[in-house]
Amino acid sequence: MATYIKSGRLSWSAIFLAFVLYTSFSGCTCEASVHKGKEGGFVQTKGTSFVLNGSPFLFNGFNAYWMMNVASDPSERYKVTQVLQDATDAGLLVCRTWAFEDGTDGKALQISPGVYDERVFQGLDFVVAQARKYGLKLILSFVNNYKDFGGRPQYVEWARSSGVQLKSDDDFYTNPVVKGYYKNHVERVITRVNTITKIPYKDDNTIMAWELINEPRCQLDYSGRMVNAWVQEMATFVKSLDKHHLLEIGMEGFYGDTMPERKQINPGYQVGTDFISNNLIREIDFTTIHAYPDQWFSGQTENSQMAFMQRWMSSHYDDSRNVLKKPLVIAEFGKSSKDSDYNINIRNAYMNAVYRNIYMEARSGGTVGGGLVWQLMADGMGSYGDGYEIILSESPSTDSLILQQSHAMTTLSQSLRTGAQNVPVNQAREIESDQGTGDHPLVASDPQHRHANHAHTRKGSRNAGP
């Protein structure tokens, strides 16, 4: 893995050094741009780009699904603060987290349909208030596809318990009673008035976007049409309540029937979503993909996994830009310590490769706005670990890597604002001549072979997060 970075056509160190040179000549500082998230205003879209206060908004970010759950206990809130402080120090600007936990668990937000634990809601208030304090933007998800934290199965079970005849969890997408439960939750969250800041969520520019559902899947209809109808209905409902915030679906990026030729990009199977038709819905503001080749292709070589990652990212870049004409966020990616060949150098090399691809696409005028690594945690949170967790204080090399990406993305935002984006490109090319010209797997041409007949999902407790 490390050789991928060292032999790259344009090494990360070369790119970053180019930015250092550029900012020295232009008079802007990386530090100033890293704290760009402290600016007020709602993040918006303009064509295939994100903008904040009318200026380009590129970012590096992270997932921390557990924040509300932990913050529901005031004695544990310091862990949320610690991660937000660490994230700010690393230049991270966007955090994706859950605004749900459904069921009878002692930390459930929604105990039964329409019945909420105020103590847990105040935990979410704390997360939003702290993010505001640290200048971070939030993406808040309304429900999980999986049974972890209740999710889609819990909604269906609630309806069954009330006497509704349902056949499967996929009735979540079609049954009026279940859809009513979901809409009620969405409305309760969006119209919530924060008990700490006194700002209604729908008016709080700390929130960058709402997410309809984490990783929607549907076994009854692999074409994506059933999910599509649900997304249309719920996206329209969200926008009727809140016209300030952006909205995304929460998709992994699987292709469906709209572009059959794209199905070969999928990791050997379909999940009932259609990246094209689902994201063509007018009320959806930007697209997302998740990427876990280490789980989707477990047992295959690092080279094979990297080749898939290249295809997965580049095809979604192209389709977001040319077909959907909306920005793209790499909303989840990571490397599990449960992999048989794992070590921190492999994780760093993989993250570096993904980061570099994100940066290169953004620099060349692509649609990518940023990436959100899965996931950051604080010390003493073993029960929330899923193998992908990163504790920055314990991983200085990973912390440094994340900081470099943050500097690069926010400095690129600054250069786009001043119209000087070509300067670092030229300087980077000059440095490239001194670095060698080997091909990096994430910027090399698309391999001809395709992976198929693998239907691995992520292992163990990984689904408790995403």
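Modeller: Buried means under 20% relative accessible area, exposed over 50%, and partly exposed in between, with a 1.4 Å probe and protein chains only. The model is predicted: local features need pLDDT of at least 70, side-chain atom pairs count only at pLDDT 80 or more, and totals for chains, interfaces and linings use all residues. Residues are numbered from 1 along each chain as its sequence is written, and side-chain values use heavy atoms, leaving out hydrogens and water.

Biologist: Is E215 buried or exposed?

Modeller: E215 lies in the loop between β9 (207–211) and α9 (225–241); helices (H or I, at least four residues) and strands (E, at least two) are DSSP runs, numbered from the N terminus. Its phi is near 55°, a positive value in a residue other than glycine. Because its relative accessibility is 0%, E215 counts as buried.

Biologist: Is K325 buried or exposed?

Modeller: K325 sits in the loop between α12 (302–324) and β12 (328–333). K325 is not a glycine, yet it has a positive phi of about 55°. Its relative accessibility is 53%, so K325 counts as exposed.

Biologist: Which residue is joined to W374 by a cis peptide bond?

Modeller: The loop between β13 (368–373) and α14 contains the residue in question, Q375. With omega at about -5°, the cis bond joins W374 to Q375.

Biologist: At what angle do α13 and α14 pack?

Modeller: Axes are lines fitted to C-alpha atoms, for helices over the stretch in contact, and angles run from 0 to 180 degrees between N-to-C directions. The axes of α13 (residues 344–363) and α14 (residues 396–418) are 10 Å apart, and the angle is about 0°.
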